[in-house]
Amino acid sequence: MHLGSLTNNLGLTNQGIFMKRIFPLILAALFIYSCSSSQRTASEEFSENLLYGSWIHSFEEDNGSEKVFRPAGAKEFGPARFRKTYEFRKNGNCVYLVLSSRDKHYTEEGRYELDGEELQIINIAGKEAERYRIISLSRNMLKLKLLGK
């Protein structure tokens, strides 16, 4: 009996080893990776440090219920009656622009709380001003979905 035919009968050829032992392991690893990465929440995908700074509502880029904010100074915005702005500080305080019923802009101070992917804006009186779900956050874009006012 020839040595080559013995290894072929036992399934020990390079192709046999790959197809029977290594290929299934690769498929299993890819499957596990794809399942775990698709279940990440927004809180796992961004760093809170990216939130710090001033953000301006770029309503031209909104998509349905998702609101897009850009960092202050990142782009020139066209004329608008009102653009919501937020400034998030490292100490948990924030300043945001409000439009009154008399069409007059004013800033209000408060604080924010981040719980996973939920961002809550709390006014100076301690009441919830707005609540959002963070859809995505990067250095050049903040996408929010309004959950409550």
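**Note on strand pairing, charged pairs and aromatic packing**

1. Trp 55 has Pro 71 in strand 2 as its bridge partner. This pairing belongs to a predicted model, in which strand 1 and strand 2 run antiparallel and are joined by 3 bridges. Strand 2 also runs antiparallel to strand 8 (residues 141-148), with 4 bridges between the two, and in this second pairing Glu 66 stands opposite Lys 145 in strand 8.

2. The loop between strand 1 and strand 2 deserves attention through Ser 58, which is placed there. Ser 58 is buried, because its relative accessibility is 0% and the cut-off for burial is under 20%. Apart from neighbours within four places in sequence, Ser 58 is in contact with Val 68, Phe 69, Arg 70, Lys 75, Phe 77 and Arg 83. With one of these, Lys 75, the contact includes a polar one between the side chains, at 3.5 Å.

3. Lys 75 also takes part in a salt bridge, its side chain meeting that of Glu 61 with an N to O distance of 3.4 Å. This pair links distant parts of the chain, since Lys 75 lies in the loop between strand 2 (66-71) and strand 3 (85-88), whereas Glu 61 lies in the loop between strand 1 (53-57) and strand 2, 14 residues apart. Lys 75 counts as partly exposed at 35% relative accessibility, and Glu 61 likewise counts as partly exposed, at 28%.

4. Shared partners, by contrast, join the salt bridges of Glu 61, Arg 70 and Lys 75 into one network.

5. Turning to the aromatic side chains, the structure holds 5 aromatic pairs. One of them is formed by Tyr 86 and Tyr 96, with 6.2 Å from centre to centre and 40 degrees between the planes, an arrangement classed as tilted. The pair links distant parts of the chain, with Tyr 86 in strand 3 and Tyr 96 in strand 4 (residues 93-99), 10 residues apart. Tyr 86 is buried, at 1% relative accessibility, and Tyr 96 is buried as well, with a relative accessible area of 3%.

6. Phe 88 and Tyr 112 form an aromatic pair of the edge-to-face kind, their centres 5.2 Å apart and their planes at 80 degrees. Here too distant parts of the chain are linked, because Phe 88 sits in strand 3 and Tyr 112 in strand 5 (residues 105-115), 24 residues apart. Phe 88 counts as buried at 2% relative accessibility, and Tyr 112 counts as buried at 6%.

7. Which residues make up the aromatic cluster? Phe 69, Tyr 86, Phe 88, Tyr 96, Tyr 112 and Tyr 132 form one cluster.

8. Glu 108 is found in strand 5 and is partly exposed, with a relative accessible area of 23%, whereas Tyr 96 is buried. Neighbours within four places in sequence aside, Glu 108 is in contact with Cys 94, Val 95, Tyr 96, Val 98 and Asn 123. For Val 98, which is 10 residues away along the chain, the C-alpha atom is separated from that of Glu 108 by 6.9 Å.

Note on methods: Residues numbered from 1 in each chain as written. Predicted model: local features only at pLDDT ≥ 70, side-chain atom pairs only at ≥ 80, totals over all residues. Heavy atoms only, no water. Buried < 20%, exposed > 50% of the residue type's maximum accessible area, 1.4 Å probe, protein only. Salt bridge = Lys/Arg side-chain N within 4 Å of Asp/Glu carboxyl O. Phe/Tyr/Trp six-rings, centres within 6.5 Å; stacked < 30°, edge-to-face > 60°. Polar contact = N/O pair within 3.5 Å; in protein donor to acceptor, adjacent residues only side chain to side chain. Contact = heavy atoms within 4.5 Å. Pairing = 2+ DSSP bridges.
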